[in-house]
Every structure is written in structure tokens, then in C-alpha cells.
Amino acid sequence: MARLATDGTNDMRIAIGSAVLRNPVIAASGCYNRGAEYGRITDVSRYGAITLKSITRNPRLGNDMPRIAAAPGGMLNAIGLQGPGIEHFLAHDAPKLADVPTAVIASVAGFTVEEFADVAAAMDGLPNVVAIELDVSCPNVDREGQCFAADTQSIAAVVRAVKLRVKLPVIAKLMPNVADLKPIARAAQEAGADALCVINAVRGMEIDVMRARPILANSTGGLTGPAIRPIAVHAVWEVAQAVTIPIIGTGGIEKGRDALEFLFAGATAVGIGTANFRDPRVHIHVLEAIEAEMKRRTLTSVGALTGLANPDFAGQKVAAASSLIRDEIR
Amino acid sequence: MTIDTRSKGMSKRRETREWMPTAPPQLQTATIVSREFRPPGFWCVGLREPEIAKNIRPAQYVAIDLPGGFMMRLPLGVFTADGEHFTLIFQEWGDRTTRLAHMAIGETVSFIGPLGNEFALPRAGSNAIIVAGGLGISPFWLLARELHAANVNTTIVLGARSKAYIVGARELGTHGFHIEICTDDGSDGFHGTVVDRVRTMRRAAIMYGCGPPGMLRALCAFANSEGVRCQISMEETFGCSMGTCWGCVVAVRRGSTQGTSYPKAPGEQRDFDFARVCADGTVFDAMDVVWRD
């Protein structure tokens, strides 16, 4: 087992490609906007990284209202990738990223391979941005049958095109609405993805029975929150047997115990989304619970928790022990 | 003459109030100190938390985290505030409002607040009309207190479907302003809508509205046609209450300081931007709101 730290303190750092995060707890895309708001009421620096709301090439108005509905054990949303577009983002939002007190993962969404590559290239080198996440799986936008994350060739094409244009590590965010995630995960890894985010929101729908119409203006939405956690844990479990790159386990994490499920299933890091709304300090509680678990198991490197429950875990047991971190410690 | 920029939509208009930043929101804990059922289905719950009681501004709200595994906080406008206490007035209609209504005295809740912008105030000595539909009364106790202190001559028009659904008038009456009751069925006061009643009244320097969307739309149409300044406090389903999730947008005129002012996409035809009700509002100018069908 990895016992990297020599001074008796826990090593909470994890590596995603060449990016080293201070800890494995990441704010999921869409819940932290562009990083400014939650700094008013919580300590954002306790996040290992925050993921920005996805940016597209062109400005997007987004969906009509209603965009949100409460669901059993979760929340249904269909925002529709509302956003300023990359040019406006670069001019108005990007400079403010320097004020974010932790690492930033820039999320990119697109409708063509070129759009992904162009927007990702524009994000490379922005203040605090340490990795690019590809929102190849956003289920909210009406492009049925064209979802990149549903097809091995499409996801490989996007990852390959982006990798050619950016130096930063690239994370592909997988969509759970596929028959088998493993070949898609493998295709992303073979195309050069440095990590996978597993999973995006699960497609869902609620109908207003009084009006006999879907509640969301977009009809379908993405289900998030604890309702999807077992789906997400299983997805991480499966993907962890198929790839060797790090996995950011995301879906319904509300407390430390939930995060440990993901780590034990094979995730190197965890993403927290919807739970921020209820508890803006959720990441601090999760982080402290992970530290407590390391202490309980007398582990000094958080990477040693990865895959503990998964006998067929394919990745390196010591996710924290990238050569980069080893060099730093030496 | 000074410029009031506290309410972003007001930035280019003349106001008497000096600029005063609203207190930043905080994550705090409040204790339930009272709960009172008001037939047919309303509750007035009192909480103790000195900072919010002191700092809350008219139309601002708190986002409450209720025990019971809810995914989203319950956003509620603050009704009254005095000393170390504030009250919330709401209808029991869903899981979260039921949970809050049935919390025991002495229990504590986590909340984020104060949140949202606030109403702007007119010059001392001018006239104002407050127009509330049902629970739309909730931001107006604090506003009436401010208007009273600012020596603004205020008339309050309070409407509901019938007499039983008029709620909060007792508290609102304590500021000494005249209250006009309107009911859709004529069971109390004026037989008709609040906007019907306002049409017959003397023109005011400013009108304030809060209530159901149909009422607000009619009020804005009336105010805009008469050239009377009007501010409304809006409601939507909030996800985050912090402005991060973009789940609660309202269409505002392009050029409004509250909207996103994103550039248009190639070929895109629209004369509005979206604004977040939770963070850019909840107060918007009648001139700015775009009512889309």
C-alpha cells in the first residue's frame, strides 16, 4: 500500500494526467456556475477542484421554464446549456477564474467534433484551469441520436480531436444511458482521455397529471441526487474494470460514506453536484470523512482507497502515486 | 439626489436613498420560536436569528434546509422582522412547507440569507401603492415599514379569491397605512381583482407588486401603459437559490442590467435575455420584464 507521506500527514492529493489536485473532492459541472457564488458562504478552497458550467462555442439561451422539478430522492433539470458562448466567456468570465481559490476544470460542450476541439483549445491556459472536461453526455439538449457519449466512434473522435489541440489533461464525462459503458470507456481511453467522469445525470421525466403534460418545458431532463447513486456506483465499478485511467465518480454523493462507496468501487476522485444546493459545506464533510477513513485503515495516501471493494479493478491501486507527486515528495 | 444602485434594475433612475450595500448572505442557524396556523391553509412561523432580523431588506428571502432528506432548500421571503426575530408566512402545499409547518418550537434549521435584491424607495412625501395577491403580501411588511419611515404616503391593495384567503393583513396594518381589500368573489371589500381596483385609484409615483403571475402581468401592463414606475417581486422554482444552477430564469428586456446580456447566436432572433429570479431578482422593474406566451 502506498504510504507516500513521510512526515506523518495524510497525502490527500490525486493526479488526473499531469494535473495534481490538493484532494479528491471535485464540484461537479453545472452546480458551481463559474465559481464565484459559493465563495460567499463556504470555503471553496477545500474542494480539490471545481468544474465550471459547460461552455459552448455559441451563446445559448437555454430551455424555457420550468427547468427544474423535485423528484423522489433527487432533482430533475433541463437547463439547456444556457451560456455566454466561448468568446464572451473569455472576455468576461475567464479573468475572474484567477480568484477561484482552488483548481478549475473547464467543461466543454459541443455539437460537432470541431466545436469541442475549438472551445477546448480556447480554454487551455486560462487562470487556474488544470484540466478540460468534455460534456459529451449532457442529456438535456434535444439532439437525440447524436449524443457523442452513446457511441464508441463518436466519443473517440471527440477525445482525439481535443487531445490534438490542448496540453491539459482531458476528462470525458460518460452518460449512463447506454447499454454497456465499458466499450465506450475503453474507446475514450484509447483515444487519449486522461480520466473519465462517471456518470452524468440520468435521463428522466415527470408528468403533471393535472395538466397531462410533462413538468419540464424540455419534457425530458437529467435526474441527479441520491436517487441515481447506486446507478453511478455500479457504473464506476464496471468502468474501473475496463480502463486504467483515473475515474471521477459522480452521482448523488451527499456525505462521506457515499464518497467512499465510489472510491472503493474504483474511483480516484469524487464529484459532488446537487448536494451543494442543500449543504454548501458538503465537500468539507466528505473530505473529513475520507480522511477519517484513511486514519481508520492506517493509510496515508488517499489513492490507497481506490478500488478496495473491486477485485477486478484494472487501474493502478495507487492513484496518488503519479510520478509527478513522487517527484515532489522526493 | 443620489443614485440607488442596490437594486440593479434601478441603476439609471433617480432615487432618494443613499447607496447602502445589502448584507452578504451567510450560512446560519435559526431557532423556531413560534408557529401559528391561519385557516384555511397558511402558517406564520417565527424564528430567532439576530443577524437576519437586523439585516433583511424588503423582498429578500432565506433558503431553508429542512430535515428530512430534501434535495433543495425551501426559499421563503421574510415577512416581518423585529429585534432578534423574523417570521415567514407560507401556504402548506408540498413536502417542504409541510415539514416546516410542523417543526417543533425550539428546533433549529439551517438557512442561507439574506438572499436576493430589494425594492427601491421613492422620494419622501411621494405616493406609493402596494399591490399584493394572496401570499404575495410576504415582502410588504418590511417594505411598508421602510415606506413609513421614509414618509412615503402608501396605500396597500390586498386581494385574494375570497375573504378567507386574505392573509397577513393584521401584521401589515401595524404600519398605519390604509389597506384596501379586494376579493374575486366579492366576499370582502372590493368585488374584483387588485388591478381592477388600482385602475380606479389616484396615480402614484411608484407601485409595488407581488402575487400570482397573471396578476403581476396585468399590473405591469397597467403600470407601463400609464407610465407609472412599478417593481414586482417574482417567484419561480429555485434549485440552488445562489445563482449557480440557472434553473429559475425570467425573460427581461435586452439591455436590462439584470439580464445576462449574452451576445446572440448566429441567426438568433430574440429581444430578451434571461435573468435569474433567485440571484438577479427577485425584484424586477415592470419595464424590464418580458412576458412570453
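1. Is W43(B) buried or exposed? W43(B) is buried, because 20 other C-beta atoms lie within 10 Å. A residue is buried if 20 or more other C-beta atoms lie within 10 Å of its own, exposed if 12 or fewer, and partly exposed in between, with C-beta atoms placed from the backbone.

2. The model is predicted: local features need pLDDT of at least 70, side-chain atom pairs count only at pLDDT 80 or more, and totals for chains, interfaces and linings use all residues. Residues are numbered from 1 along each chain as its sequence is written, while chains are lettered from A and ligands numbered from 1 in the order in which they are written.

3. W43(B) belongs to strand β4 (residues 42–48) of chain B. Helices (H or I, at least four residues) and strands (E, at least two) are DSSP runs, numbered from the N terminus. Apart from neighbours within four places in sequence, W43(B) is in contact with R35(B), E36(B), F37(B), R38(B), F90(B), E92(B) and A101(B); contact means that the C-beta atoms of two residues, placed from the backbone, lie within 7 Å. The C-alpha atoms of W43(B) and W291(B) are separated by 31 Å, and these residues are 248 residues apart along the chain.

4. The contact between the chains involves 33 residues from chain A and 29 residues from chain B. On the chain B side there are 17 nonpolar, seven polar and five charged residues. Here Ala, Val, Leu, Ile, Met, Phe, Trp, Tyr, Cys and Pro count as nonpolar, Asp, Glu, Lys and Arg as charged, and the others, Gly among them, as polar.

5. Some backbone angles deserve attention, because most residues other than glycine have a negative phi, and most peptide bonds are trans. A cis peptide bond links M65(A) to P66(A), with omega about -5 degrees, and another links P39(B) to P40(B), with omega about 5 degrees. P40(B) is found in the loop between β3 (26–38) and β4 of chain B.

6. Phi is positive in N128(A), near 70 degrees, and in T298(A), near 50 degrees. N128(A) counts as partly exposed because it has 19 C-beta neighbours inside 10 Å. T298(A), with 9 such neighbours inside 10 Å, therefore counts as exposed.

7. In chain A, the axes of α2(A) and helix α3 (residues 152–165) come within 8 Å and cross at roughly 30 degrees. The two helices are therefore roughly parallel; angles under 35 degrees count as roughly parallel, over 145 as roughly antiparallel, 65 to 115 as roughly perpendicular and the rest as oblique. Axes are lines fitted to C-alpha atoms, for helices over the stretch in contact, and angles run from 0 to 180 degrees between N-to-C directions. The residues of this contact comprise nine nonpolar, no polar and one charged.

8. Chain B contains an open sheet of seven strands with mixed pairing, in the order β12-β11-β10-β9-β13-β14-β17. Its edge strands, β12 (190–191) and β17 (283–285), each pair on one side only; two strands pair if DSSP finds at least two bridges between them. Strands β10 (residues 153–160) and β11 (residues 178–183) of chain B run parallel and are joined by six bridges. Helix α3 (residues 140–149) of chain B packs on the sheet and touches β9 (127–133), β10 and β13 (206–210) of chain B.
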